[in-house]
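Please look over the model below before reading on. My notes follow it, one topic to a point.

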Amino acid sequence: MKPAAFEYIAPVTVEEALEALGGSGKDARVLGGGQSLVPMMNFRLAQPELLIDLNRISELAGIAIREDGVVRIGAMTRHRTVELSPEIRECLPLLHEAMPYIAHVQIRNRGTIGGSLAHADPAAEWPALCFALDATIVARSSSGSREIPATEFPLGILTTALEPDEIIAEVLFPHQPAGRRYGFQEISRRRGDFALTGVACTLDLNADGVVDASRIAIFGVDDIPLLSAEAVDALTGNTMTDVLAREAGRAAAAAINPRSDLHASSEYRTQLIETLVYRALKQAAGADLLKDVA
Ligand SMILES: Cc1cc2nc3c(=O)[nH]c(=O)nc-3n(C[C@H](O)[C@H](O)[C@H](O)COP(=O)(O)OP(=O)(O)OC[C@H]3O[C@@H](n4cnc5c(N)ncnc54)[C@H](O)[C@@H]3O)c2cc1C
């Protein structure tokens with residue numbers, strides 16, 4: 001299939017891109033890595049009149065760590081850049097762990113964090129990772145910029161809080177305390193496919209192995225990622241054991257009524273939630289901390 005005819009521009013500054021997006025009077029879309037938009041255009045599911053290519057805007061790409069420990073990832077930063085970044089491995093190991101689950105290396109070489117968040121596929125890894133790490137999305141338009149908590153960004157399947165004249169400029173990840181632990185688990189039919197269900201979690205344990213805090217994001221089960229308050233309630237204040245991790249998995253699964261679709265039934269996804277929450281917590285805690293494991 002070939003896309004419908006469209007105009008194409010490739011600005012080199014954010015200002016130029018925003019002016020074209022907000023002021024052209026045309027049905028305009030921005031182009032990130034093109035790994036979702038181009039197939040949609042080829043299938044004519046998207047038929048923008050004007051395509052604004054962000055790939056030449058260098059200020060939109062890159063990873064920087066601010067003095068306050070906040071990690072800033074520019075919207076045009078590729079999944080593969082995040083995967084290979086020593087700074088990310090050090091400061092945000094959850095992202096390092098999760099990147100290889102996104103598609104295949106060829107797609108990760110092109111696809112971007114901004115494109116993935118704006119596309120808002122319910123089974124995509126980035127939105128859930130941003131939920132788990134309590135990230136903030138910085139949107140820009142010609143009239144200024146605003147910060148949107150990641151948990152308020154996806155509104156539904158392929159729908160976000162972005163206004164038509166806004167782009168994602170960058171994503172901010174708060175400083176993660178030393179000693180925080182992480183788990184990432186997903187099941188897909190084949191390596192590189194979108195997840196049937198996935199879990200990204202953070203876990204803070206005190207010196208006695210008691211859970212001080214955790215965040216558990218579950219994706220692929222609803223229109224947007226979910227944070228499981230039930231699993232967190234089951235964990236908080238209790239000693240981290242294998243039994244407790246299983247209890248948290250059951251608590252998460254009991255509170256969610258997952259979607260059924262061509263790929264998996266609701267019942268199967270319920271089982272996946274229970275198992276993947278358990279596995280993610282076990283991964284985060286580390287086998288040595290699960291004192292009741294034989
Ligand atoms: C075979 C295959 C398998 C895949 N598997 C996975 C997977 O397992 N997990 C996963 O998460 N993804 C997967 N993807 C999607 C991939 O990760 C894409 O990179 C991602 O969804 C979109 O990012 P992109 O940069 O390519 O965006 P594009 O395709 O360029 O754009 C996607 C949408 O986002 C908008 N957009 C892009 N950048 C911005 C911005 N800065 N501000 C505002 N809007 C913007 C575009 O206008 C468009 O609407 C897969 C893709 C393919 C082709």
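1. Conventions. Numbering starts at 1 in each chain, following the sequence as written. The model is predicted: local features need pLDDT of at least 70, side-chain atom pairs count only at pLDDT 80 or more, and totals for chains, interfaces and linings use all residues.

2. Domains. The protein splits into domain 1 (7–53), domain 2 (63–173) and domain 3 (181–289). The bounds come from an automatic or database domain assignment. The centres of domain 1 and domain 3, taken over C-alpha atoms, are 37 Å apart.

3. Sheet. Five strands form an open sheet in the order β4-β5-β10-β6-β7, with antiparallel pairing. β4 (63–65) and β7 (144–149) are the edge strands; each has a single partner, so one side of each is left without a neighbour in the sheet. From one strand to the next the twist averages 25°. Axes here are lines fitted to C-alpha atoms, for helices over the stretch in contact, with angles from 0 to 180 degrees between N-to-C directions. Strands (E, at least two residues) and helices (H or I, at least four) are DSSP runs, numbered from the N terminus. Pairing requires at least two DSSP bridges between two strands.

4. Three bridges join β4 to β5 (residues 71–74) in the antiparallel sense. I65 has V71 of β5 as its bridge partner.

5. Helix α1. In α1 (residues 14–23), A17, L18 and L21 are buried. They cover an arc of only 95° around the axis, which puts them on the same side of α1. The arc is that of the directions from the helix axis to the C-beta atoms. E15 and G23 are exposed, on the face turned away from the buried side. Buried means 20 or more other C-beta atoms within 10 Å of the residue's own, exposed 12 or fewer, partly exposed in between; C-beta atoms are placed from the backbone. The buried residues of α1 pack against β2 (28–31), β3 (50–53), β6 (136–141) and β10 (167–173). After α1 comes G25, with a positive phi near 75°.

6. Ligand shell. The ligand is surrounded by 30 residues; the closest are G32, G33, G111, G114 and G115. The criterion is a backbone-placed C-beta atom within 6 Å. α7 gives the most to this shell, with five residues.

7. N238. This residue lies in the loop between α9 (229–235) and α10 (242–254). N238 is partly exposed, with 14 other C-beta atoms within 10 Å. Its C-alpha atom is 5.2 Å from that of V210, 28 residues away along the chain.

How values were computed
Two residues are in contact if their C-beta atoms, placed from the backbone, lie within 7 Å.
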